[in-house]
Amino acid sequence: MYAQMIKSEETYEDPKKLMAFQARIDDGDRIEPKDWMPKGYRKTLIRQIGQHAHSEIVGQLPEGNWITRAPSLERKAILLAKVQDEAGHGLYLYCAAETLGVSRDELTEMLLNGQMKYSSIFSYPALTWADMGVIGWLIDGAAILNQVPLQRTSYGPYARAMVRICKEESFHQRQGFDIMIKMVNGTAEQKHMAQDALNRLWYPSLMMFGPPDAESVHSEQSMRWKIKINSNDELRQKFVNQTVPQAEYLGLSIPDINLNWNERKQSYDFSQPDWSEFFDVLEGNGPASVDRIEARQAAWEDGAWVREARIAHAEKKNMAILAAE
Ligand SMILES: [Fe+2]
Ligand SMILES: [Fe+2]
C-alpha cells in the first residue's frame, strides 16, 4: 500500500488546506492520525519514524551479542533489560508509523531490501566489553539529545511514543557511564579498553546527528512542520559540550587534536567526522552492515511461523464468530 502511495502520489495539494494545516502546526496543535495532512508530511514522517524504529531494532544487535559475555550476573541482568527496552522502543515506533497507513511488514520489507535505512552507528561492531560502556554513554546519550525535542514534535503518536522512550534512554545512558567508571578505575588494561572504545566510537557518535546543516536535504521543510525541532549542527555541538567534561571526569581523552574550548562562543571547537565514511556506511558499506541485515533477514524468516500461526488463529476465530451468528 505504501509503495502504491509513493507511485500514485501527486504533488498537488489544496493551498487552503495546506495553509490551515501550517497554521495548526504554528499554533502548537498536535496532528492526529485521522486529521488531514499533506502527502509530503505523511511521507516524511513514515521515513523518519520507520528509520527510527529500524534503528531501535537493529541497535539491539551489537549489545545483544554481549549478553552471554557480560562480566557478572548483575551486568548481564542490566544489559538484558536495556536490550529489551530497545525492542520495546522499536515496537512503539512501528505502531506510530502504522497510524500513517504503512504496516510493520511493509516497513520491515523496505529495511531488508535496502529501501529504508537505520542509524549509521549500528553498522559499527562492538569489539570489547568497554563498547557496552561507550554505547550507553555516547550512543544513548546522543539518542537522548535527538529524541528529547521530538517529544514536542507535531505528530501526536510520535510525540507520545517519545515521552516513554526518553525515560528509558536516561537509564541506558547511566548504565553505560557506570560501566565506564568501573573500567577506568580498574586495571591498566581495562582503562586502555575504555580509551580504545572511545577512540573507535567517537566520530561515529558525532555522525548520529546527521550531515552538516548545509548538506542536510530534508531539514528546512521538516523544521517548518515541526517534525524536526533542532538542526543537526546545533545538537552535535550540544553533545560535544556535554560529553567533554564527562570524558575529563573519567580521565579519558577525546581523540581530537582540534578540540578546544572557545570562550567567545562558549562552546567547544571540534573536528568534523569523515562525512564520506558516513554516506558510505548509509549505503550499506559499514564494517558490520552486511551482518546486521543478515541477522534481521534470519529473524524475519525464523519468525514466519509465528506470523502464519497468528493469521490462522484469527481466521479460525472469525469462522467461529460467523458460525455463531
Ligand atoms: Fe532506544
Ligand atoms: Fe537506548
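Author: Buried here means under 20% relative accessible area. By that cut-off, buried residues make up 46% of the 325 residues in the protein chain. The model is a predicted one.

Reader: What secondary structure does the protein chain have?

Author: The chain comes to 14 helices and two strands.

Reader: How much accessible surface, and what share belongs to carbon and sulfur?

Author: The surface comes to about 16,900 Å², with 55% belonging to carbon and sulfur atoms.

Reader: Of contacts between residues at least 6 apart, what share join residues at least 24 apart?

Author: That share is 79%.

Reader: Now the metals. What coordinates the iron ion (ligand 1)?

Author: Its donors are Glu56 (OE), Glu86 (OE), His89 (ND1) and Glu169 (OE), at 2.0 to 2.2 Å. Along the chain these donors follow the spacing E-x29-E-x2-H-x79-E.

Reader: Why is the arrangement around ligand 1 called irregular?

Author: The angles subtended by the four donor atoms run from 84 to 146°. Four donors count as tetrahedral if all angles lie between 85 and 135 degrees, so that range makes the arrangement irregular.

Reader: How are glutamate 86 and histidine 89 placed in helix 5?

Author: They are three residues apart in helix 5 (residues 73–98), so about one helical turn separates them.

Reader: Buried or exposed, histidine 89?

Author: Histidine 89 is buried, because its relative accessible area is 0%. Glutamate 86 counts as buried too, at 5% relative accessibility.

Reader: What about the donors of the iron ion (ligand 2)?

Author: Ligand 2 is coordinated by Glu86 (OE), Asp140 (OD), Glu169 (OE) and His172 (ND1), at 1.9 to 2.2 Å. Its donor residues are spaced E-x53-D-x28-E-x2-H in sequence. The site of ligand 2 is irregular, with angles of 88 to 162° among the four donor atoms.

Reader: How far apart are the two iron ions, ligand 1 and ligand 2?

Author: They are 3.3 Å apart, and glutamate 86 bridges them.

Reader: Which parts does the pair of glutamate 86 and aspartate 140 tie together?

Author: Glutamate 86 lies in helix 5 and aspartate 140 in helix 7 (residues 130–147), so the pair ties together parts that are 54 residues apart in sequence. Both residues are buried.

Reader: Something else then. Where does glutamine 60 lie?

Author: Glutamine 60 is in helix 4 (residues 60–64). At 16% relative accessibility, glutamine 60 counts as buried.

Reader: What is glutamine 60 in contact with, leaving aside neighbours within four places in sequence?

Author: Val83, Glu86 and Ala87. Among them is Glu86, which coordinates both iron ions.

Reader: Which residues of helix 11 are buried?

Author: Asn232, Leu235, Arg236, Gln237, Phe239, Val240, Thr243, Val244, Ala247 and Leu250 are buried.

Reader: And what do the buried residues of helix 11 pack against?

Author: They pack against helix 7, helix 8 (156–184), helix 9 (188–207), strand 2 (267–269) and helix 12 (275–285).

Reader: What follows helix 11?

Author: Glycine 251, with a positive phi near 75°.

Technical notes
Residues are numbered from 1 along each chain as its sequence is written. Chains are lettered from A and ligands numbered from 1 in the order in which they are written. This is a predicted model: local features need pLDDT of at least 70, side-chain atom pairs count only at pLDDT 80 or more; totals for chains, interfaces and linings use all residues. Side-chain values use heavy atoms; hydrogens and water are left out. Helices (H or I, at least four residues) and strands (E, at least two) are DSSP runs, numbered from the N terminus. Buried means under 20% relative accessible area, exposed over 50%, partly exposed in between (1.4 Å probe, protein chains only). Contact means heavy atoms within 4.5 Å. Donors are N, O and S atoms within 2.8 Å of the metal (3.2 Å for Na, K and Ca); water is not among the atoms, so sites may look incomplete. Four donors count as tetrahedral if all angles lie between 85 and 135 degrees; four count as square planar and six as octahedral if opposite donors are over 155 degrees apart and all others between 65 and 115; anything else is irregular. Accessible areas come from the Shrake-Rupley method with a 1.4 Å probe; for residues, only the protein chains shown count as cover.
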